[in-house]
Amino acid sequence: MSFEIKPDMPPMRSKRSRNLKLVLMAATVPAVLIGCDSEPTGTVLSSVEQCKTQTSVPVEQCTAAYEKALAEHRKLAPRFDSQVQCNEQFGSCEVVQTDSGQSYVPPMGGFLLGYALASATRGGMYPYYVGGVSPLYRDYRSGRYLKPNGDSVSRGLGTVTGRRGNTALPARAMTISRSGFGSSASARGGFGSSRGFGG
Amino acid sequence: MKRIATDPRPDWKAQAEALGFHFHTIDGAPYWDESAYYAFGLRQIEDDIEAPTEQLHAMAMSLVDEVVESEALLTRLAIPPAYWDWIRESWHQREPHLYGRMDLAYDGAGPAKLYEFNYDTPTSLYESAYFQWLWLEQAIERGVLPAGADQYNRIQELLCETFAALASEGRIATPVHFAAVGDSAEDRGTVRYLRDCAEQVGIQTFELAIERVGLSAEGWFTDEDDRVIRTLFKLYPLEWMFVEEYGAKLPGSKLQLIEPPWKAILSNKGVLPLLWQRHEGHPNLLPAFFDEAPGDPVGAGWVRKPLFSREGANIELATADGERLRSDGPYDDAPTIRQAYHPLPDCAGNYPLVGSWVIADQAAGIGVREDDSRITRDSSRFVPHAIID
């Protein structure tokens, strides 16, 4: 048996990192990341009828969630200027009137039930309650279900994990107020320097 | 553990500035100070700092588990009732946390003593994690330290790993927004550094001043370009957010905060008496009690601290011989606790405090700050360390 000797290696039990770099504070290129998943955070259903056959959340909550998804769909559905473009991706796009004219929206192809964790104290025969809901759109080119902001939720129906189960946050929304945080820092400004408020 | 004087690198300032460390000097006073370093032995690091850090962290986490279920304890910590459910839910959902720092008094012999947790908005991160590491590498390169010299510091590596794991497991929504008080160079530097770590593992990030966070009609938090903020890293105290205009909007919004709401418990000095009640006599804990007579001068051998306080502000201290010290500050509006006075070691008029970092749930490294007063304040200097056996 022989051991290979690597003269450049730091001591065996090094307590510090081998290599560190900065990319924003001193510019280079960021790496890409790949990942895996854990706990279910929601489920994708294609229609309100499926509420009766699923066993994850109470049926009446599922039905109410479907109604809410429809309402969100009317508000948040992705809008296309071109009917052709919309149909290419989703099919059966409908025309809607907007302030600035006409645009086209895809049909709601399903909906996402986001789970709230059912704790032991809540009990009941279902493992989850509905924590949130989002309308979904089926991209015919990829087969994926997409949220209104374009995030992909899953390739098909059924359970989803991770943040993909988080419901209905659009990419943008019109800001109607600002500066609702920060008053404590300025009220304590007598503290008196460019030093921070962290500790 | 020794304080060893050494010559600063001639070009350290130029390097600092090229690497985004613009707060190396603050208001004309030196902050990064490499005219000395602290030398530790490996046994001191592993047995006296790393192992107790993991143990104290575990004790803190089980305390959260208990406090979220107890209205009496939440009340004791002066956490507003409107946020109790939100905090409890964030704990039940195991909303991820990123980092924390505990401050330890350690003189090289005997157990390190926990002064406090900074588990919501800790700073001195960049200088601990990166610039200190660079200092060691260059000290070895220049032959100032032996090739076998080491440092207790995997902070950045663990920060990057944690960001990568949180994003790939879908435990944080991306992109991630980073916010700090707009006119604090130090805090802006700290969030810029954290963004750097996140970008290194492929997470898209945005940065804004906490004062510029907006709200949409639907109750979503937005940035200056009307992007909906999904995950907000805020270097801004949770307890301040609670009492500000947008605070009430937090529980109903879908905003994910880092640090998460349950960290409001561990950034609170009230955990010190609670830990003492549960682990009385633990070698790394100092006796601590809720202050029953906050108006009276603090007794000899005790330190008074507000429940909410940062950067050593509003501390009142009386040594065993009755010498009194106090620091002013803006945190005079909260209940207080008393903690037994355990002096920092005196290294020729310098008083070092060990900041021990926990990233996700792992003990990750240390940064030493020293002051020329026994209260480590925001006038302290950051002095690098090395492990030399």
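Predicted model: local features only at pLDDT ≥ 70, side-chain atom pairs only at ≥ 80, totals over all residues.
1. A disulfide is a pair of cysteine sulfur atoms within 2.5 Å.

2. How many disulfides does the structure hold over all chains? There are two. In general terms, a disulfide is a covalent bond between the sulfur atoms of two cysteines. When the bonded cysteines of chain A are numbered in sequence order, they pair as 1-2, 3-4.

3. One of these bonds joins A:Cys51 and A:Cys62, whose sulfur atoms are 2.1 Å apart. A:Cys51 belongs to helix 1 (residues 50–53) of chain A and A:Cys62 to helix 2 (residues 59–76) of chain A, so the bond ties together parts that are eleven residues apart in sequence. The disulfide between A:Cys51 and A:Cys62 is left-handed, because the torsion about its S-S bond is about -75°. As to accessibility, A:Cys51 is buried, its relative accessible area being 1%, and A:Cys62 is buried at 0%.

4. The other bond is between A:Cys86 and A:Cys93, with an S to S distance of 2.0 Å. Its torsion is about -85°, and the disulfide of A:Cys86 and A:Cys93 is therefore left-handed. Are these two cysteines, A:Cys86 and A:Cys93, buried or exposed? Both are buried.

5. The nonpolar interior deserves attention next. In soluble globular proteins, nonpolar side chains tend to be buried together. Here the largest nonpolar core has 75 residues, and those with the most contacts inside it include B:Phe40, B:Ile49, B:Leu114 and B:Phe221. Helix 2 (residues 42–67) of chain B gives the most to this core, namely ten residues.

6. B:Ile265 is another of the residues with the most contacts inside the largest core. Which residues does B:Ile265 touch, not counting those up to four places away in sequence? They are B:Val64, B:Val67, B:Val68, B:Leu74, B:Leu77, B:Ile79, B:Ile87 and B:Val271. Of these partners, B:Ile87 is itself listed among the residues with the most contacts inside the core.

7. Chain B contains an open sheet of five strands, in the order 6-5-18-19-20, with antiparallel pairing. Strand 6 (113–118) and strand 20 (381–383) of chain B are the edge strands, each pairing on one side only. From one strand to the next, the twist averages 35°. By way of background, strands of a sheet pair through backbone hydrogen bonds, either parallel or antiparallel.

8. Within this sheet, strand 18 (residues 351–359) and strand 19 (residues 362–371) of chain B run antiparallel and are joined by nine bridges. Which residue in strand 19 of chain B does B:Tyr351 stand opposite? It is B:Asp371.

9. Over all chains, the structure holds 30 salt bridges. One of them pairs A:Arg16 with B:Asp150, whose closest N and O atoms are 2.8 Å apart. This pair crosses between chains: A:Arg16 is in the segment before strand 1 (40–45) of chain A, while B:Asp150 is in the loop between helix 5 (125–141) and helix 6 (155–168) of chain B. A:Arg16 and B:Asp150 are buried.

10. A salt bridge also forms between B:Asp103 and B:Arg369, with 3.6 Å between the closest N and O atoms. B:Asp103 lies in strand 5 (residues 99–105) and B:Arg369 in strand 19 of chain B; the pair, 266 residues apart, links distant parts of the chain. B:Asp103 and B:Arg369 are likewise buried.

11. Two further items complete the account of charged residues. B:Asp225 forms a salt bridge with B:Arg227, the closest N and O atoms being separated by 3.5 Å, and B:Asp225 is partly exposed at 45% relative accessibility. Finally, a network of salt bridges links A:Lys15 with B:Arg43, B:Glu46, B:Asp47 and B:Glu50.

Conventions
Residues numbered from 1 in each chain as written. Chains lettered and ligands numbered in written order. Heavy atoms only, no water. Helix = DSSP H or I, 4+ residues; strand = E, 2+ residues; numbered from the N terminus. Buried < 20%, exposed > 50% of the residue type's maximum accessible area, 1.4 Å probe, protein only. Core = buried A, V, L, I, M, F, W, Y, C linked by side-chain atoms within 4.5 Å. Contact = heavy atoms within 4.5 Å. Pairing = 2+ DSSP bridges. Axes fitted to C-alpha atoms, helices over the stretch in contact; angles between N-to-C directions. Salt bridge = Lys/Arg side-chain N within 4 Å of Asp/Glu carboxyl O.
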